[in-house]
Amino acid sequence: MNLEYVGLKEISGPLVVLEGVKDPSFEELVEITVDKEKRLGRIIDISGDVCVIQVFEGTHGISLKNTRTRLLGKPLKIPLSKEILGRVLDGLGRPVDGLGEIYPEKYADVNGEPINPVEREYPRNYIQTGISSIDCLATLIRGQKLPIFSGSGLPHNQLAVQIVRQAKIADEDANNFAIVFAAMGVKHDVADYFKNSFKSSGVLDRVVMFLNLANDPVVERIVTPRSALTAAEYLAFEKGMHVLVILTDMSSYAEALREISSSKGEIPSRKGYPGYLYSDLASIYERAGMIKGRKGSITQIPILTMPNDDITHPIPDLTGYITEGQIVLDRGLASRGIYPPVSVLPSLSRLMKDGIGKGYTREDHPGLANQLFAACAKVQEVRALASVIGEDELSDLDKKYMRFGRAFESAFITQDFNEDRDIIQTLDLGWLLLGLLPREELDRLSPELIEKYYGNPEENESRYRQWT
Amino acid sequence: MGETSQGTIYGINGPVVKVRGDHAFKMMEMVLVGHEKLIGEVIRVQENETIVQVYENTTGLRPGEPVVSTGSPLTVKLGPGIIGNIFDGIERPLTSIARKTGPFIGRGMIMDNLDTEKLWDVKVLVRRGDTVRPGMVIAEVQETPSVVHRVMVPPHISGVVEEAARDGSYPITRTIARIREGKTVHNLTLVQEWPVRTPRPYKSRLPLHEPLITGQRVIDSLFPIAKGGTAAIPGGFGTGKTMTQHQLAKWSNADIIVYVGCGERGNEITEVLEDFPKLIDPRNNRPLMERTVLIANTSNMPVAAREASIYTGITLAEYYRDMGYHVAIMADSTSRWAEALREISGRLEEMPAEEGFPAYLPSRLSEFYERAGMVETLNEQQGSISIIGAVSPQGGDFSEPVTQNTKRFIRCFWALDKSLAYTRHYPAINWIDSYSEYAADLKDWYAENAAPDFMTLRDRLSRILQEESKLLEIVKLIGSDILPDEQKLILESARAIRQGFLQQNAYHEQDTYVPIVKQYHMMRTVLHLHDQASRLIAKGIPVSVIRRTGVFEEVIKIKYTIANDDMGAFDKLIARIDAILSEIEASYRGAERRGLA
Ligand SMILES: Nc1ncnc2c1ncn2[C@@H]1O[C@H](COP(=O)(O)OP(=O)(O)OP(=O)(O)O)[C@@H](O)[C@H]1O
Ligand SMILES: [Mg+2]
């Protein structure tokens, strides 16, 4: 194991090829010394005594002659202990905050292992985020993976910060929650923005940050979310904490994967991304959930920017196929100054069905959400028609929908970055807005619920006027 | 079992391992890889190298470690203990894995596929001196309260019973009958093995003439699938593939359900595991889990086992078919299976065809769907397998290779539509793009078992929807106000059909499953309203007047207001509709007369 190999056979992008290797193992960690500097790498292909090694810090400055390589006899593991809370680490779990080494309680393989489906516990507890569009229409559930599909320049970071700040994830025990933050290829100011917001909301000592910034090595970017989730699994399933994991930006992650794949000479599938992008993303996103008999949970909020705002691009597309719904931000709303610019129709929470309604939020929640979706769909239709024939030519009913649409955007979707609405406020607001529509239009709600919650539209006219 | 052989690992690239050394591995043979004995399968044999795909994570494997053949291809064990169980892609029980490695799935586990200790009450049906043929039932076991397991003579074995066990409690490994076939003696136990990639034999194929009733209106009434048929559910993410598959697994009138979670979410499997033991099969009042078997290779489990999971599932299905059962298998999602093929193929550096998929994708798909069908079994019983495969097209675009190739081999296409899902019209099955080629074959069944005019009503219903879709093109440009009243009525009736009939609430106690008679009466009622309204309009009564009475809303709410077993309520409702409409007519005639006067 202490053999040292001098020089390399080949260098290609972030990969190097080493020949004459004795007893390598697949995915084994290696240490490459370049002049005086040490770098880490991982064996990703073995053929006889020839190994292909992925160098986490990149291959700049490496020549065929100036390296000495040692096999470390183990896969990539990161040190873990409860002390990681409050710390800032790099993508491989090494401290970068100048606060010294971490005393490990254990080391864990960053690849993790799949949770056995028979040992999972189905997530059912909802997390109130205080944001109406999410709480009512795409409810977040503890243990869910719910990504934010955004575009460059849209306020996804603000939204994530608002969720973190307002989320009532610390129900029974205030010391029992943690935030794991992984940055992949984001700029310094984004990382700083998150850090400052954690600080100002007083949770910084409950946060562990794994940073691989835009100018950090690409290969390390592949490991960053895995290190973060390894830490999350440790905190959740061994220390019983409720962990909220923010992964940003998954698009940079996928691009890094593409870059490495192409330097390996792999056959690409769509848009140059490797054919295994789905499985690879799944090996990240599936590391969320709850386990029977364990106290903690992992809730994931991955953030991704859709290239060209295109939801059919492989990154959002394959993400949507794995996660349990998505919150979609819309440039049109944002440009009209609406915050948070949540586009209601394509947003979805698949787990909300079991975590809302009677006994969870309020009995009218499922029907109300359904009715609001239906009304928004109708608004979209009517707006399309209005843009053709003009709003004045619309039927009376269609005009009511136009008005509902405006009020919905300005009163329900729109809310201040600091405004924290509880679920009852949110649901009542939803009913108030339905008052803009004739009673007969409420086809997704039972007569009993309508009887109980549908108010008197005339009484609320003054408020409506203010919103439309 | 053939002779075994041994080689050593030469190269490792993800799940693909190259083996060298003095050996004679056979194609598709199962092998044990490395000191940890990871399970793998031979997928290419070359002069000096054999390539193996490994069903488990290969981290830590080293060149030089041994690879040992098992002498047989990838097989499954078939016997009591399958139903109600949950297996991984190569039939290892996930509960046993959990017992060994806890909440996370470990590696290198060779274990009994079926419980070998459990005692089953066995009723032996053969006696000494009986002659037995392949497929003949030699014993019966009550596998679950819902399923009698018929222990069969394996295909390719026949002979005379030399000795038969008495009725009693036995483990699956106990010999039940000794069969002499010429010079050889076969000891038959409660289990047999079968290679997953080989279809099990049957006597002959039979025509399809009976629907698989699912209780889902848009399926049963508009796009029915026959027992023994094939259907694909393509749709972008979040459009409802899994929900539809779950609904079918819950409510379809198959005897046995095989549910394959192939490369999808862990929580969805957990959900089935939590729900199915609690849900009651309306046909025998027993928990649904008692007729269900789950195969789970979730998206983060090894990709090679994903490829195998489909074959494991269909082989289990064939085994129960051979007992004379009607089996339905759901594969969610066949796209993940195709992608597993692509990934392995890519690592073998094979020449890709479309979008990186291997050129043999179409033949693999057709081989799979060919294993569906209604058959006469070796034992001269009727049994069937219906296959319902989800397809997850990239970007939701149906022109991609998996959807297109699947379309060639299935006869029922339930196209899920993103815009319907966005508006929360569930199930989001698009009524214009979907089709069923079985409708004609099933005509007689519906006429005899549902109602003589069932298919006539169905055709009228779909015609209204088609007309609506044409009209909507116009409405998009000019609005609906200026359409003539008979066209406005089409829009109104179509709305009632969409909201009242096609939309079905999977979370509603009554609406989640609707018997075929009620489906018929719902169609009849909405069409009756349409006809009567149409008569009034012909007399010059505007559709808005009819609309204002709320009759359409009343018809839309039938699903909630009329119980699934209260067919009498329909005649009352129709009478009410008639009363409302004749009132309009009367007052209109009155108005007309006054106008004339
Ligand atoms: N029949 C239905 N009734 C009520 N809700 C439904 C129905 N079908 C789908 N939904 C809603 O749509 C969501 C997504 O459905 P589903 O999980 O079946 O999608 P999918 O097509 O399998 O997506 P993916 O490809 O990502 O797995 C569900 O969580 C549910 O909220
Ligand atoms: Mg699904």
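**Ligand shell.** I started with the elements around ligand 1: helix H3 (residues 241–251) of chain B gives the largest share of the shell, three residues. A residue is near the ligand if one of its heavy atoms lies within 4 Å of it.

Before going on, ground rules. This is a predicted model, where local features need pLDDT of at least 70, side-chain atom pairs count only at pLDDT 80 or more, and totals for chains, interfaces and linings use all residues. Residues are numbered from 1 along each chain as its sequence is written, chains are lettered from A and ligands numbered from 1 in the order in which they are written, and side-chain values use heavy atoms, with hydrogens and water left out.

Which of the 16 residues around ligand 1 come nearest? I got B:Gly238, B:Lys241, B:Thr242, B:Met243 and B:Arg265. The site is shared between chains, because residues from both A and B surround ligand 1. Sorted by class, the shell has six nonpolar, six polar and four charged residues. My classes: Ala, Val, Leu, Ile, Met, Phe, Trp, Tyr, Cys and Pro are nonpolar, Asp, Glu, Lys and Arg are charged, and the others, Gly among them, are polar.

**Polar contacts.** For ligand 1 I looked for pairs of N or O atoms within 3.5 Å. From chain B, a polar side-chain atom of B:Thr242 sits 2.6 Å from a ligand oxygen, and a side-chain N or O atom of B:Arg265 is 2.8 Å from an oxygen atom of ligand 1. Chain A reaches in too, with a polar side-chain atom of A:Arg350 at 2.9 Å from an oxygen of the ligand. On its own, ligand 1 has 630 Å² of accessible area, and the protein covers 93% of that (Shrake-Rupley method, 1.4 Å probe).

Next, the voids. Rolling a probe the size of a water molecule over the atoms shows where empty space is left. I used a 1 Å grid over the protein atoms alone, where a cavity is a set of points at which a 1.4 Å probe fits but cannot get out, and lining residues have an atom within 4 Å of a point.

By class, the lining of the largest cavity divides into seven nonpolar, four polar and two charged residues.

**Records.** UniProt positions are in the numbering used here, names are shortened, and annotations may be inferred rather than shown by experiment. An unreviewed UniProt entry gives a "binding site" covering B:Gly235, B:Gly236, B:Phe237, B:Gly238, B:Thr239, B:Gly240, B:Lys241 and B:Thr242. From this set, B:Phe237, B:Gly238 and B:Thr239 are in the lining of the largest cavity. I placed B:Thr239 in the loop between strand S19 (230–234) and H3 of chain B.

UniProt (unreviewed entry) also lists "domain: ATP synthase A/B type C-terminal" at residues 354–454 of chain A. I get 61% helix and 0% strand for residues 354–454 of chain A, with the end C-alpha atoms 25 Å apart.

Where does the cis bond from A:Tyr339 lead? It runs to A:Pro340, with omega near -10°, and A:Pro340 lies in the loop between helix H8 (331–335) and S21 of chain A. I also noted a cis peptide bond from B:Asp332 to B:Ser333, omega near 10°. B:Ser333 lies in the loop between strand S22 (326–332) and helix H6 (334–347) of chain B. Last, B:Glu349 has a positive phi of about 55° although it is not a glycine; B:Glu349 is in the loop between H6 and helix H7 (361–370) of chain B.

Conventions. Polar contact = N/O pair within 3.5 Å; in protein donor to acceptor, adjacent residues only side chain to side chain. Helix = DSSP H or I, 4+ residues; strand = E, 2+ residues; numbered from the N terminus. 1 Å grid on protein atoms, 1.4 Å probe; cavity = no way out; pocket = protein on both sides within 12 Å on 5 of 7 lines; lining within 4 Å.
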